Amino acid sequence: MDGQEPFAIVLGCSDSRVPAEIVFDQGLGDLFVIRVAGNVVAPSQIGSVEFAAERFGTRLVVVLGHSMCGAIAATLEELEQPSERRSPNLRAIVDRIRPAVEGLFEAGVRTDRETLAHLAVRANIRASVDHLRHGSEILERLIERDGLLVVGAEYSLESGLVDFFDDPARR
Ligand SMILES: [Zn+2]
């Protein structure tokens, strides 16, 4: 295969049940995939998106979170019962999820665990989308001038369906 022209960049979770190529039924060269536990956005993720958007002209970025995400569960546990024993590296992931999820706790969302986890997954996807839309001058310029679209989607492990719930083009 000479060169590549992926039509979408996917920032997804490392969860073994959510490989982007299989979820979206795509082949080699179709998707530029970045995977990290909890689909969090750190500088290396932003750099990867910038690289693909600039180098390959890809104009669609999908943040793909999913139901029953272990990174979200770990963050909820940490909020309920802070642990000193967590590795600093794992903490770096939890700390990136925490701001989006903390709000749900503070807003007094005293609901059942399942609903809280569901809301937290979506809040975290929205936070990553927001971070990509506003955390980089290069991406901001591509969004404003070149039609780069950053959307948020949740894959349901239960149904196998992807819900594009944060898509500015559909509003
Ligand atoms: Zn996950």
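**Cysteines, zinc site and largest pocket**

With a disulfide taken as a pair of cysteine sulfur atoms within 2.5 Å, the count comes to zero disulfides. The structure is a predicted model, in which local features need pLDDT of at least 70 and side-chain atom pairs count only at pLDDT 80 or more, whereas totals for chains, interfaces and linings use all residues. Residues are numbered from 1 along each chain as its sequence is written, and side-chain values use heavy atoms, with hydrogens and water left out.

The zinc ion is coordinated by Cys13 (SG), His66 (NE2) and Cys69 (SG) at 2.0 to 2.3 Å, donors being N, O and S atoms within 2.8 Å of the metal (3.2 Å for Na, K and Ca). Along the chain, these donors follow the spacing C-x52-H-x2-C. The two cysteines link distant parts of the chain, 56 residues apart, with cysteine 13 in the loop between β1 (8-12) and α1 (20-23) and cysteine 69 in the loop between β3 (60-66) and α3; helices (H or I, at least four residues) and strands (E, at least two) are DSSP runs, numbered from the N terminus. Cysteine 13 has 4% relative accessibility and therefore counts as buried, as does cysteine 69 at 6%, where buried means under 20% relative accessible area (1.4 Å probe, protein chains only).

The lining of the largest pocket divides into eight nonpolar residues, three polar and six charged, where Ala, Val, Leu, Ile, Met, Phe, Trp, Tyr, Cys and Pro count as nonpolar, Asp, Glu, Lys and Arg as charged, and the others, Gly among them, as polar.

Technical notes. Buried < 20%, exposed > 50% of the residue type's maximum accessible area, 1.4 Å probe, protein only.
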